[in-house]
Amino acid sequence: MVLGPGGSGVSVLAAAAALSDRTAHPRAGVRVGTDRGTVLVSLDGRSYVPERLGVLRLPGEAVPVTADVDLLQVDPLKIIEGAWADFTTALAAVVGGKSMLPFVGTLASLAPGELSSLPGAQEFLLLRQVRDVATAGRWQRVVVDLSGVGDVMAFLRAPTVLSAALERLWPRHARLAEAAEKPALAQLSAAIEGIDRDCQDLIDLIADPHGVAAHLVVDAGDRGIRCLADYLAISDLMGLPLRSVLVNEGTGQSAPGALDAAQALLGEHADVAVTVIPVADGPLDRLARIRRIHLDLPRPTGRPRGSSALTVSHVAGEDLDSVFELVWRQGLPDPERLEVGRSGDDLLVTISGFRFPVRLPSVLRRCTVTGADWRDGRLILRFAPDRAVWPQRPMRSPGAP
């Protein structure tokens, strides 16, 4: 995944990365079960990448760029319309049966184009398309250009947001029970269950350190370096498998000391490489010029990062007097803007104005938060058993063995 703030050169560097790596995966040695080497996926329906690479603009179809590289430009509206057509079949069955939940009539009245205004819906469908490409077995490597999606971190958070919204709208235990009692709801329940299952699949995929590597592009100016700390902290919070920071001098916004500042911020991120992209000799407006940028992106490491690598330890006490600590390495540009809350089985953490739910390990779901601290680059939260729900040992009667 190649991502970064708008104007930092994400699309050009994603294309350069797709074109530069002409070798097979080091663990594979040779291609097995694939027709092509790399596919560059663009999620921006208005992107100029096809023109820059000298190929036809055919949204939804993989277009050969070189002998080893294809381009797949995704059309968001077509994906939405196709997915909505399938979902409305289930809605129609419920509406036709006059067995409607309060929200069904509202959903059924939406046109496909209006679905893009539902929180997380369009982002979820685009990410699901990426997942389908990655698991198709057709390509050995997928390079995803995440330019043109607005707030990229909010975009990657969409499956988590949509899953939480479904749970609030129609909790899983309720929809399964109602589907068993009312056959008319079974098809709708199955459709929502499938969406939620895809959400969980995408949540796992985005944070998968074995198959995914994220590469952050920032310009070499003051703006890029200022936003770098926030992006690093949010990637820690989301558990993104960040592998490199690309400091792009080609945007014409270079500032003295930009590389030193970036390396200082990454001092505690030993597994994140810093690469400076120098200014190109001319405009990067055609395939031959983009190929001059030799950019071999670091591979996935298999090691989780941030909240994906959290640990739980029992540090004191027994039974109801136990004390647990939840710890993960977390950047924190502004400690004053750290907020921690709780919603069901999720820990709601806000850093630099970005809120993300971190699923609590099972042992902590029957506990309450008793304290929080941040030291040595780690977020440390303390928990104690909630007496109302914590399993307690049965008391033995006098004389019992």
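The structure holds one cavity of 30 Å³ or more, a cavity being a set of points on a 1 Å grid over the protein atoms alone where a 1.4 Å probe fits but cannot get out. This is a predicted model, in which local features need pLDDT of at least 70 and side-chain atom pairs count only at pLDDT 80 or more, while totals for chains, interfaces and linings use all residues. Residues are numbered from 1 along each chain as its sequence is written, and side-chain values use heavy atoms, with hydrogens and water left out.

**Cavity**
- The largest cavity has a volume of about 40 Å³, counted as the space filled by probe spheres set on the points.
- Among the residues that line the largest cavity are Leu3, Met153 and Tyr231, where lining means having an atom within 4 Å of a point.

**Salt bridges**
- The structure holds 17 salt bridges, each a side-chain nitrogen of Lys or Arg within 4 Å of a carboxyl oxygen of Asp or Glu.
- The side chains of Glu193 and Arg172 form one of these, at 2.6 Å from N to O.
- Glu193 is buried at 14% relative accessible area, and Arg172 is partly exposed at 40%, where buried means under 20%, exposed over 50% and partly exposed in between, with a 1.4 Å probe and protein chains only.
- Arg375 forms a salt bridge with Asp373, with the closest N and O atoms 2.7 Å apart.
- Arg375 is partly exposed, at 36%, and Asp373 is also partly exposed, at 30%.

Notes:
On a 1 Å grid over the protein atoms alone, a cavity is a set of points where a 1.4 Å probe fits but cannot get out, and a pocket is an open set with protein on both sides within 12 Å along at least five of seven lines; lining residues have an atom within 4 Å of a point.
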